[in-house]
Amino acid sequence: MAPNHIENIAIVGAAGWSGKHIVSAIQKNGNQKITAITRQDSTAQIPSGLAVKKVDYDDHSALTSALRGQDALVITMGARAPPTQQTKLIEAAAAAEVPWILPNEFGNDNADETLRKDVMINAHKT
């Protein structure tokens, strides 16, 4: 029987403005294994206690492999991240059969075209 809670959480942006707070809150619970997914060339200081998987975000198979076995993917990329990066992460998570994806939206109203154009990371979304 499958567990009735999330055990393995992958997070993109674990050391960033939002990500570090999300990681801290998850760690306080103490019941989950957290994996930081980061670029191969990243010099970010990943919070202690996390597994780290450095990947090339343009390599679909590497991303898929890094996400395999995860119960959830939390995406907390910065506003200056390449506009297609989140799509690549979501596609890889789907291929890895990650059941829960929490995208980098943070309350933006993407149904409003004018607002969507004002937010750099959302400008390409439909």
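Let's start with T64, which touches A92, A95 and A96 once residues up to four places away in sequence are left out. Touching, or contact, means heavy atoms within 4.5 Å. T64 sits in helix 2, and it counts as buried because its relative accessibility is 6%. Buried here means under 20% relative accessible area, exposed means over 50%, and partly exposed is in between, using a 1.4 Å probe and protein chains only.

A quick word on what you're looking at. This is a predicted model, where local features need pLDDT of at least 70 and side-chain atom pairs count only at pLDDT 80 or more, while totals for chains, interfaces and linings use all residues. Residues are numbered from 1 along each chain as its sequence is written, and side-chain values use heavy atoms, with hydrogens and water left out.

Now zoom out to the whole protein chain. It has four helices and five strands, and along the sequence they follow the pattern β-α-β-β-α-β-α-β-α. These helices (H or I, at least four residues) and strands (E, at least two) are DSSP runs, numbered from the N terminus. Of the 126 residues in the chain, 33% are buried. If you take contacts between residues at least 6 apart in sequence, 56% of them join residues at least 24 apart.

How are the strands arranged? They form an open sheet of five strands in the order 3-2-1-4-5, with parallel pairing. Two strands pair if DSSP finds at least two bridges between them. At the edges are strand 3 (51–55) and strand 5 (100–102), each pairing on one side only. On average, neighbouring strands of this sheet are turned by 20° against each other, direction ignored. For angles like this, axes are lines fitted to C-alpha atoms, for helices over the stretch in contact, and angles run from 0 to 180 degrees between N-to-C directions.

Let's walk across the sheet. Strand 1 (residues 8–12) runs parallel to strand 2, and five bridges join them; V12 stands opposite I37 in strand 2. Strand 2 is mostly covered, with five of its seven residues buried. Strand 1 also pairs with strand 4, in the parallel sense, over four bridges, and here I9 has A72 in strand 4 as its bridge partner. Strand 4 then pairs with strand 5 over three bridges, again in the parallel sense, with V74 partnered by L102 in strand 5.

Helix 3 (residues 85–95) lies across strand 1, strand 4 and strand 5, and runs at about 175° to strand 4.

Next, visit I101, which is in strand 5. I101 is partly exposed, because its relative accessible area is 30%. Leaving aside neighbours within four places in sequence, I101 is in contact with L73, I75, I90 and A93. The C-alpha atoms of I101 and D71 are separated by 8.8 Å, with the two residues 30 apart along the chain.

The loops have something to show too. E97 is in the loop between helix 3 and strand 5, and it counts as exposed because its relative accessibility is 68%. Most residues other than glycine have a negative phi. Phi of E97, though, is near 60°, a positive value in a residue other than glycine. S42, in the loop between strand 2 and strand 3, is buried, because its relative accessible area is 10%.

Finally, look for the largest pocket, which has a volume of about 570 Å³. Of the 25 residues lining it, G13, G16, T76, M77 and G78 are the closest to its centre. On a 1 Å grid over the protein atoms alone, a pocket is an open set of points where a 1.4 Å probe fits, with protein on both sides within 12 Å along at least five of seven lines, and lining residues have an atom within 4 Å of a point. The largest share of the lining, three residues, comes from strand 2 (residues 33–39).

Technical notes: Points joined across faces, edges and corners; volume = space filled by probe spheres on them.
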